[in-house]
Amino acid sequence: MIIISNATSIPNEIETIYTLFEEGMELLHVRKPAFSEREMQIFLSTINSEYRSKLVLHSHLHLAFEFDIKRIHFTEKNRNVLSKFHLRYKKSFEYSFSDFKTDGFTVSTSTHSIEEFNTIDSSFEYAFLSPVFPSISKDDYSAKSNLLEEIKKRTNFDTKLIALGGIQFDTIAKVVNHGFDDYALLGTIWKNTNALKNFKKCQQIVHSY
């Protein structure tokens with residue numbers, strides 16, 4: 001079970017993140033698309049070094065070196081422009097996804113169709129496929145096709161397939177039973193008055209499999 005941060009800052013966010021770590025959160029994807037580099041530095045500095053091995057950085061990826069973060073995530077757009085990607089010290093250089101593994105990084109990415117997932121580089125440890133169900137965090141955002149059926153066309157088994165989008169208590173069993181390797185939570189955690197309660201309930205479902 002993977003947790004993705006809320007896209008924008010919310011009240012008591014850092015306190016909630018610490019509580020989730022203490023309760024067993026394994027990975028937190030830091031997705032703050034509108035954050036400046038400075039805002040991201042401040043955010044990352046509030047998280048103790050003991051938890052940084054569980055952070056996955058989505059933007060300002062060069063900060064991975066500054067904060068000793070070994071997990072980075074590529075959006076579909078960034079995945080397609082890697083050869084010009086500004087990573088180390090903001091300098092452009094030729095770099096392949098396998099080079100990240102050589103340098104000790106774990107890389108993940110996002111996909112929006114099973115055809116796209118089937119063609120991604122095998123260097124990715126896992127990839128999100130979304131939205132499986134109508135999104136909780138985004139209004140009027142749902143899949144153009146039934147991804148639970150489309151997964152039958154999966155040919156890529158080198159990369160773990162992670163369900164994202166509308167995942168909550170009554171849909172977890174569906175994604176597990178249809179062949180996803182794991183799932184990610186966003187709206188179920190952050191668009192709720194009790195993030196911890198929702199997390200623990202989903203955690204209990206995970207442990208039942």
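Which residues are linked in a network of salt bridges with Glu150? Glu115 and Lys153 are linked with Glu150 in that network.

## About the model

This is a predicted model, in which local features need pLDDT of at least 70, side-chain atom pairs count only at pLDDT 80 or more, and totals for chains, interfaces and linings use all residues. Residues are numbered from 1 along each chain as its sequence is written, and side-chain values use heavy atoms, with hydrogens and water left out.

## Salt bridges

Side chains of opposite charge can pair when their charged atoms come close. A salt bridge here is a side-chain nitrogen of Lys or Arg within 4 Å of a carboxyl oxygen of Asp or Glu. The count by this rule is 8 salt bridges.

One of them joins the side chains of Glu125 and Arg71, at 3.7 Å from N to O. This pair links distant parts of the chain, 54 residues apart: Glu125 is in the loop between α6 and β6, and Arg71 is in strand β4 (residues 71-74). Helices (H or I, at least four residues) and strands (E, at least two) are DSSP runs, numbered from the N terminus. Glu125 is partly exposed, at 33% relative accessible area. Buried means under 20% relative accessible area, exposed over 50%, and partly exposed in between (1.4 Å probe, protein chains only).

## Two pairs from helix α6

Glu116 and Arg79 meet through their side chains at 2.6 Å, N to O, in a salt bridge. Glu116 lies in helix α6 and Arg79 in helix α4 (residues 76-79), so the pair ties together parts 37 residues apart in sequence. Glu116 counts as buried at 13% relative accessibility. Arg79 counts as buried too, at 11%.

Glu115 and Lys153 form a salt bridge at 4.0 Å, N to O. Glu115 lies in helix α6 and Lys153 in the loop between α7 (147-150) and β7 (160-163), so this pair ties together parts 38 residues apart in sequence. Glu115 is partly exposed at 42% relative accessible area. Lys153 is partly exposed at 46%.

## The loop at Ser123

Ser123 sits in the loop between α6 (114-119) and β6 (126-129). Ser123 is buried, with a relative accessible area of 10%. Leaving out residues up to four places away in sequence, Ser123 touches Phe97, Ser98, Lys101 and Val107. Contact means heavy atoms within 4.5 Å.

## The nonpolar core

A nonpolar core is a set of buried Ala, Val, Leu, Ile, Met, Phe, Trp, Tyr and Cys residues joined through side-chain atoms within 4.5 Å. The largest one has 63 residues, of which Ile3, Leu44, Ile72, Val175 and Phe180 touch the most other members. Beyond its neighbours within four places in sequence, Phe180 is in contact with residues including Leu129, Leu148, Ile162 and Val175.
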